[in-house]
Amino acid sequence: MSLNADLRLPGSIVAPLTPFTEDLSVDYDALKGIIDYSVETCGAAMIIAAGVEAQEYQYLDYAARKELVDKTIEFVDGRRPVVVGVSHPSFRTAVELAHHAADKGAQAVQLLAPNRPTGGPPKMSELVRYYQSVLAETDLPMMLYLNAGPGTDLSVPATVELAQLPGIDFVKESSRDLARVSRLIAEIETAGHARYFTTMQMYLPTLLLGGSGVTLPPPAALLIRKITEALQRGDVDEAARIQRQVAVWPARWMPFGLAAVMKASLNHLGVKAGLPYPPYEPLTGEALTALQAYLDTTDLTAP
């Protein structure tokens with residue numbers, strides 16, 4: 001059976017946060033708890049290992065990054081498919097990571113559209129060769145990952161062109177721009193090229209327009225599960241009510257960064273997630289108190 005047939009869609013691809021010990025190694029006992037929460041409580045359709053920036057994998061050396069992938073696949077333990085992030089400026093390193101993912105039993109790989117490391121935006125011809133170089137070396141389906149800032153800023157036509165490359169079955173796009181999102185759903189998902197995944201802020205409109213879901217960390221994924229269930233019951237008003245909670249949180253606390261807000265939120269919900277990797281600061285004092293008070297008004301704490 002294909003990966004597409006295995007996925008519980010519409011739904012979420014959940015990115016477990018990476019907890020760290022005091023000596024800044026990965027706290028694998030805590031990671032297992034976050035993965036269990038992502039699978040069982042958040043109802044993930046798929047788990048992503050070391051794939052998005054909020055997972056803080058960028059701070060790990062190459063061996064530690066591969067170990068994080070290995071442990072994520074081990075802790076998911078076949079309960080859901082796993083997509084492994086293989087993003088790297090060098091296509092040769094991305095290929096090596098894709099081979100590692102396949103050897104460890106991953107079901108897909110995700111690759112960020114990169115900036116040109118030597119400066120300036122990459123040409124479209126360079127991006128096509130970058131993706132073709134990795135796709136030629138792996139049998140795993142690929143998720144095209146677009147996140148301007150950490151990666152390059154692609155136009156809609158360029159995104160559609162890359163989404164049509166053989167081997168790209170999924171697109172994760174982080175623009176939060178309704179005009180762009182709606183056009184990409186029409187020209188990628190509805191056109192049959194690949195499944196489209198959005199951000200938490202765009203989840204409900206994405207589903208209504210025909211998209212497949214969202215990629216995000218826990219515990220936000222729990223609200224996404226509740227939006228999905230409300231929509232499947234035909235209760236659009238309830239889905240919109242929960243979506244408005246995502247409009248306020250995490251945006252109000254984003255000066256601390258997404259990893260810091262989501263880790264503080266998980267800690268408040270009783271799921272040990274630790275602190276952001278230094279020198280980046282955790283929420284403390286009035287900011288933390290305000291976050292916790294808001295969380296207690298949301299459906300994250302509802303039975």
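# Questions on a predicted model

The secondary structure of this protein consists of twelve helices and eight strands. The model is predicted.

User: What share of the contacts joins residues 24 or more positions apart?

Analyst: Among contacts with a separation of 6 or more, such pairs account for 71%.

User: How far apart are the mean positions of the positive and negative charges?

Analyst: The protein has 25 positive and 34 negative charges, and their mean positions are 3 Å apart.

User: Which residues touch the most other members of the largest nonpolar core?

Analyst: They are Val84, Tyr131 and Trp249, in a core of 92 residues. Helix H9, residues 220-232, gives the most to this core, with seven residues. There is also a second, separate core of 14 residues, which includes Ile48, Leu112, Met143 and Tyr145.

User: What does Tyr131 touch, not counting residues up to four places away in sequence?

Analyst: Tyr131 touches Leu111, Leu112, Ala113, Met142, Leu144, Tyr145, Leu162, Leu165 and Ile168. Of these contacts, Leu112 and Tyr145 are also among the residues of the second core.

User: Why is Thr72 called buried?

Analyst: Buried means under 20% relative accessible area. Thr72 has 3% relative accessibility, so Thr72 counts as buried. Thr72 is placed in helix H3, residues 62-76. Setting aside residues up to four places away in sequence, Thr72 touches Leu31, Ile35, Ile47 and Ala49. One of these, Leu31, is 41 residues from Thr72 along the chain, and the C-alpha atoms of the two are separated by 8.0 Å.

User: Why does His100 count as buried?

Analyst: The relative accessible area of His100 is 15%, and the cut-off is under 20%, so His100 is buried. His100 has its place in helix H4, residues 91-103. Apart from neighbours within four places in sequence, His100 is in contact with Lys66, Val69 and Asp70. His100 and Arg8 are 92 residues apart in sequence, and their C-alpha atoms are 26 Å apart in space.

User: How do you know whether Gln245 is buried or exposed?

Analyst: Gln245 has 8% relative accessibility, and a value under 20% means buried, so Gln245 counts as buried. Gln245 is found in helix H10, residues 236-248. Leaving aside neighbours within four places in sequence, the contacts of Gln245 are Leu223, Tyr294, Thr298 and Asp299.

User: Where are Glu56 and Asp77, and what is noted about the phi of each?

Analyst: Glu56 lies in the loop between strand E2 (46-49) and H3, and Asp77 lies in the loop between H3 and strand E3 (82-85). Phi of Glu56 is near 60°, a positive value in a residue other than glycine. Asp77 is not a glycine either, and its phi is positive at about 55°.

User: Why is Glu56 called buried and Asp77 exposed?

Analyst: Buried means under 20% relative accessible area, and exposed means over 50%. Glu56 has 4%, so Glu56 is buried. Asp77 has 60% relative accessibility, so Asp77 counts as exposed.

User: Which residues does a cis peptide bond join, with omega about 15°?

Analyst: Trp249 and Pro250 are joined by a cis peptide bond with omega about 15°. Pro250 is in the loop between H10 and helix H11 (258-268). Trp249 was named above as one of the residues that touch the most other members of the largest nonpolar core.

User: What is the peptide bond from Pro278 to Pro279, and where does Pro279 lie?

Analyst: The bond from Pro278 to Pro279 is cis, with omega near 15°. Pro279 lies in the loop between H11 and helix H12 (285-295).

Definitions and conventions:
Residues numbered from 1 in each chain as written. Predicted model: local features only at pLDDT ≥ 70, side-chain atom pairs only at ≥ 80, totals over all residues. Heavy atoms only, no water. Helix = DSSP H or I, 4+ residues; strand = E, 2+ residues; numbered from the N terminus. Buried < 20%, exposed > 50% of the residue type's maximum accessible area, 1.4 Å probe, protein only. Contact = heavy atoms within 4.5 Å. Lys, Arg positive; Asp, Glu negative; His and termini not counted. Charge placed at Lys NZ, Arg CZ, Asp CG, Glu CD. Core = buried A, V, L, I, M, F, W, Y, C linked by side-chain atoms within 4.5 Å.
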